[in-house]
Amino acid sequence: MNAVDGTVLAVLLSLVSAAGYALAAVAQSRLASASDGGRGALRALLARGQWWWAVGLNAAGALAHVAALHYGPLTLVQPLGALTLVAALPLGAYCARRRVTRAEWRGALLTLAGLVALISVTGPATPGDALTLREALFVAAATAVLIATLTSGSRYGALRRRGGGLTGGATERRGRGLGHATASGVASGVGSALTQTLTAALARELPGGAPAWWQTALVAVLISAFAVGGLLLSQTAYRGGLAAPLAVVNLSNPAAAAVIGVALLGETFRAGVWGWLVAAAASLIAARGVVLLTTGAGTTPAPPTPSPSLPLSLPPVAASGQPVPSPRTDETVPTPAPTPTPAPAVAG
């Protein structure tokens, strides 16, 4: 298979992967919106069949993603993950029983335009390039520290709110979710890079020589840990909604992978400096599209909630002291008679 055929196959597999991830994200968002996030939330989640459907869809998307990485470079396959947001847009709107707004469609078009421009300058790195075992362990350790920092910041904010320093709300819940979404995207991007290392090790093509069996097993365990961690982090992030967390996941995922690909795998862009400028402009266009997709989501106003201190309806008041039928029961509600006014005293 030549380089062109491999690139086309990598793009097709990436599209399949994006569709699977989009369906899973919509399912996870619906589950997260129905969860209160208490101590038993994880146990209740594991008992839901819809959760396991989401896990299966994520697994299918991951398998297609791994296959795409076999035929294409990391800097080509990872940016296509942003198409997950474009696919989830109509799906999420359909499940929410609303229409996609114009701002969302503009965001989708800008995202696609940025991705097409980015793909056009993606460098011809050799498929199969992978991190060495030492590089893989270093990247895994640095990523674990970064994820711990992102999630601990969210926990610190929650503790401050419980102490009375801040007040909770939808905006703060959404902000907390963005930290978990960033951690989820980074975990997925690093997991992709480690997957390349694992496939190269199994094929006896790992740079630096074939590793021992326990070293290969260690890389497999790290991949599983990042995959499960990224899934649970995204589930927590979706409590603040679907669009914003999914947008952050799709931005941080290729960003982490691009840093690894350029810094450690020697991947680059075509046309030298001009290729880097086009890639930067394409990234800005795609980022603008993601922002529109995030902020242009239509909302459905929530029904007014009656105040607990007031009755749902007040009984009618009559001008006379006659009883008035209650609108909710067959009983009558007596109305107190007006108090008689005493006659003024007459001087003798």
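Predicted model: local features only at pLDDT ≥ 70, side-chain atom pairs only at ≥ 80, totals over all residues.
1. Apart from residues up to four places away in sequence, Leu246 touches Ala25, Thr84, Leu85, Ala88 and Tyr238; contact here means heavy atoms within 4.5 Å.

2. Leu246 is also among the residues with the most contacts inside the largest nonpolar core, together with Leu83, Leu85, Tyr238 and Leu242. That core has 22 residues. A nonpolar core is a set of buried Ala, Val, Leu, Ile, Met, Phe, Trp, Tyr and Cys residues joined through side-chain atoms within 4.5 Å. Buried denotes under 20% relative accessible area, exposed over 50%, and partly exposed in between (1.4 Å probe, protein chains only). At least two residues of this core come from each of α1 (3-33), α5 (83-95), α6 (102-120), α10 and α11 (272-295), and α5 gives the most, with six residues. Helices are DSSP runs of H or I with at least four residues, numbered from the N terminus.

3. Helix α10 covers residues 243-264. Its 22 residues should span 32 Å at 1.5 Å a residue, and the end C-alpha atoms are 32 Å apart, which agrees; the expected span is 1.5 Å times one less than the number of residues. After α10 comes Gly266, with a positive phi near 75°.

4. Helix α3 (residues 49-71) has 23 residues, and its first and last C-alpha atoms are 34 Å apart, close to the 33 Å expected at 1.5 Å a residue. Its buried residues include Trp51, Asn58, Gly61, Ala64 and His65.

5. Ala64 of α3 counts as buried because its relative accessibility is 9%. Leaving aside neighbours within four places in sequence, Ala64 is in contact with Leu13, Val16 and Ser17. The C-alpha atoms of Ala64 and Ala10 are separated by 9.1 Å, although these residues are 54 apart along the chain.

6. Helices α2 (41-46) and α9 (213-237) each give two or more residues to the patch. Leu42, which lies in α2, is partly exposed, at 45% relative accessible area.

7. Local features need pLDDT of at least 70 and side-chain atom pairs pLDDT 80 or more, while totals for chains, interfaces and linings use all residues. Residues are numbered from 1 along each chain as its sequence is written, and side-chain values use heavy atoms, leaving out hydrogens and water.
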